[in-house]
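Please look through the structure below before reading on. My notes follow as numbered points.

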Amino acid sequence: TPDGAMVTLGCMISSVRTRITKSGRSAGKAMAILSVADINGTCECVAFSETYEKISHLLQEEAILFITGRADRQREKPQIIVESVVPIEQAIEELTGSIRVQVENALGVGQLQSVADILSRHKGRSPIYIDVLPAGRTDVAAQVKPDDQWAVQPTRALYEELCKALSQENVTLQRKRLETSNGRKNYASDRYKQKSFASPGLAPN
């Protein structure tokens, strides 16, 4: 990840160390240095005082959450400068940009109607994309974007209903673009797993 790039990391907090800022406009205010771990290893995250004031209640040891921030490679050991934190329980709602489902062309009318009913119960602004597979084929697919009237509000309930109707491997939660503190947008890094926040265990899978 290049220096300054925005990343979203699904992780568990191993330790939280607080410090008091000694100089600058934040002098006298608390900040935090986090040790976090995911399946790729461990890294250090820094929450400066302005951010720490907003998220301190979420920074508990063994908490599982998603950290969004900027990669900082200016030091000997790379860090993530924290901009926001999302608890795993809120990840689907806050991090999903769109949903992609995969269906077979041979699906019956009843099953298609079931999917339509699910979407109609969760109306929102996030688009749905459908990959239609010819019967007996998995190597090719026709990609369809339904009309905006089928846009949804991503929730765990929606995800679970779609998984029940189509099976989990056919439902993908796609990450939204990240907006940095300067207003620029970037896609989340590959360390944000598309389905990870929907699994019951540790975030990355």
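1. The charged end of Lys123 lies over the ring of Trp150, 5.7 Å from the ring centre. A charge sits over a ring if NZ of Lys or CZ of Arg is within 6 Å of the ring centre and within 35 degrees of the ring normal.

2. The model is predicted, so local features need pLDDT of at least 70 and side-chain atom pairs count only at pLDDT 80 or more, while totals for chains, interfaces and linings use all residues. Residues are numbered from 1 along each chain as its sequence is written, and side-chain values use heavy atoms, with hydrogens and water left out.

3. Zero disulfides turn up in a search of the whole structure; the criterion is a pair of cysteine sulfur atoms within 2.5 Å. Cys11 is in no disulfide, and the nearest cysteine sulfur, that of Cys45, is 5.9 Å away. Cys45 is likewise in no disulfide; the nearest cysteine sulfur to Cys45 belongs to Cys43, 4.2 Å away.

4. Cys11 is buried, at 0% relative accessible area, and Cys45 is buried at 0% as well. Buried means under 20% relative accessible area, exposed over 50%, and partly exposed in between (1.4 Å probe, protein chains only).

5. Which residues of helix 4 (residues 156-166) are buried? They are Leu158, Tyr159, Leu162, Cys163, Ala165 and Leu166. These residues are on the same side of helix 4 because they cover an arc of only 165° around the axis, taken from the directions from the helix axis to the C-beta atoms. Helices (H or I, at least four residues) are DSSP runs, numbered from the N terminus.

6. Ser167 follows helix 4 and has a positive phi, near 85°.

Terms used. Helix = DSSP H or I, 4+ residues; strand = E, 2+ residues; numbered from the N terminus.
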